[in-house]
Amino acid sequence: MERLLTTEEVAELLRIDPVTVRRLVTRGELIGYRIAGEYRFTLAGVESFVESQRVVVTVEPGPNHPLAKFTERARKVLSLANEEAYRYHHDEVGTEHMLLAIMSEGEGVGARVLDRLQVRPSEVRTQIETLHPAGEEPVGDGQIGMTQQGKASIELAVQEARSLGHHYIGTEHLLLGLLREEAGLASQILLKSGVTFDKARKLVKQVLAGEQTTSTPES
């Protein structure tokens, strides 16, 4: 008999959060079997889901799309930020969710800069959970937006990319945008950790200067 996969195993295979796996089941996009209060999955079912998603994930945004200049990692951060908001039953994506997403993505310039500045993801998450506790009720699909601070931080990220002479928006620009948006929770938490805009911007330049590639660092 085929061994069934757990939610956590599927999440690891798909490189997404377990919460997202459960949401996919609820939407009917991924076949799951309810056993003893937990979902279980067949490998064939997971492979079928991956196959159905390939057309979507391989399509790059068109030249006029708002995310056209965002690197793949930056787009992943925005997606992860959305998942972080869902995780905490928050009905809007804020700067705090974007900060968590930059660190969760883990490999972009933004995450590396935070690591060099000794910002610990677990400590940041604890502070966010204290300052912005989880809601009591899950947020329904299609009901999530972005806070004014979140929108402002992205606009500032675009400004940072331009000021640095970059023709793309990467995770490093998203990080700098978070720090410039002083009204956002992310900026307040980073400042408590000793991370200032000037420190981060200086380190971003150092990391980019050390990149051993002629293409955009996160392309």
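This note walks through the fold, the sheet, the surface and the cores of the structure above.

1. **Ground rules.** This is a predicted model, in which local features need pLDDT of at least 70, side-chain atom pairs count only at pLDDT 80 or more, and totals for chains, interfaces and linings use all residues. Residues are numbered from 1 along each chain as its sequence is written, and side-chain values use heavy atoms, with hydrogens and water left out.

2. **Overall make-up.** The chain has eleven helices and five strands. Helices (H or I, at least four residues) and strands (E, at least two) are DSSP runs, numbered from the N terminus. Of the 219 residues, 42% are buried. Buried means under 20% relative accessible area, exposed means over 50%, and partly exposed lies in between (1.4 Å probe, protein chains only).

3. **Surface and contacts.** The accessible surface of the chain is about 12200 Å². Carbon and sulfur atoms hold 50% of that surface. Accessible areas come from the Shrake-Rupley method with a 1.4 Å probe, and for residues only the protein chains shown count as cover. Now take contacts (heavy atoms within 4.5 Å). Among those between residues at least 6 apart in sequence, 67% join residues at least 24 apart.

4. **The open sheet.** Three strands line up in the order β1-β3-β2, with antiparallel pairing. Two strands pair if DSSP finds at least two bridges between them. Strands β1 (5-6) and β2 stand at the edges with a single partner strand each, so one side of each has no neighbour in the sheet. Strands of a sheet pair through backbone hydrogen bonds, either parallel or antiparallel.

5. **Pairs within the sheet.** Two bridges join β1 to β3 (residues 38-41). On this side, L5 stands opposite F41. Three bridges join β2 to β3. There, R34 has Y39 as its bridge partner. β2 and β3 form a hairpin with two residues between them. A36 in the turn has a positive phi of about 55 degrees.

6. Which residues of β3 are on the covered face, and which on the uncovered one? Y39 and F41 are on the covered face. E38 and R40 are on the uncovered one.

7. **A nonpolar patch.** I31, Y33 and I35 make a nonpolar surface patch of about 290 Å². Like charges are joined within 9 Å, and nonpolar side chains (Val, Leu, Ile, Met, Phe, Trp, Tyr) within 5 Å. I31 is in the loop between α2 (18-27) and β2 (33-35). It is exposed, at 54% relative accessible area. Y33 is in strand β2 and is partly exposed, at 40%.

8. **Reach of Y33.** Leaving aside neighbours within four places in sequence, Y33 is in contact with E38, Y39, R40 and T42. Y33 and L4 are 29 residues apart in sequence, and their C-alpha atoms are 9.2 Å apart.

9. **Helix α5.** Is α5 (residues 95-105) largely enclosed or largely open? Ten of its eleven residues are buried, so the rest of the structure largely encloses it. Among the buried residues are H97, M98, L99 and L100. After α5 comes G106, with a positive phi near 80 degrees.

10. **The largest core.** A nonpolar core is a set of buried Ala, Val, Leu, Ile, Met, Phe, Trp, Tyr and Cys residues joined through side-chain atoms within 4.5 Å. The largest has 41 residues, of which M98, L99, L114, V124, L174 and L190 touch the most other members. Elements giving two or more residues to this core include α4 (72-87), α7 (121-131) and α11 (197-209). α5 gives the most, with six residues. In soluble globular proteins, nonpolar side chains tend to be buried together.

11. Apart from neighbours within four places in sequence, L190 is in contact with L99, L114, V119, L175, L179 and V195. Another core, of twelve residues, lies apart from the largest one. Its members include V10, V21, V25 and L30.

12. **G145.** This residue is in strand β5 (residues 145-146). G145 is partly exposed, with a relative accessible area of 32%. Not counting residues up to four places away in sequence, G145 touches D91, E92 and V93. G145 and G94 are 51 residues apart along the chain, with 9.0 Å between their C-alpha atoms.

Conventions: Patches are made of residues with over 30% relative accessible area and no salt bridge: like charges are joined within 9 Å, nonpolar side chains (Val, Leu, Ile, Met, Phe, Trp, Tyr) within 5 Å. A salt bridge is a side-chain nitrogen of Lys or Arg within 4 Å of a carboxyl oxygen of Asp or Glu.
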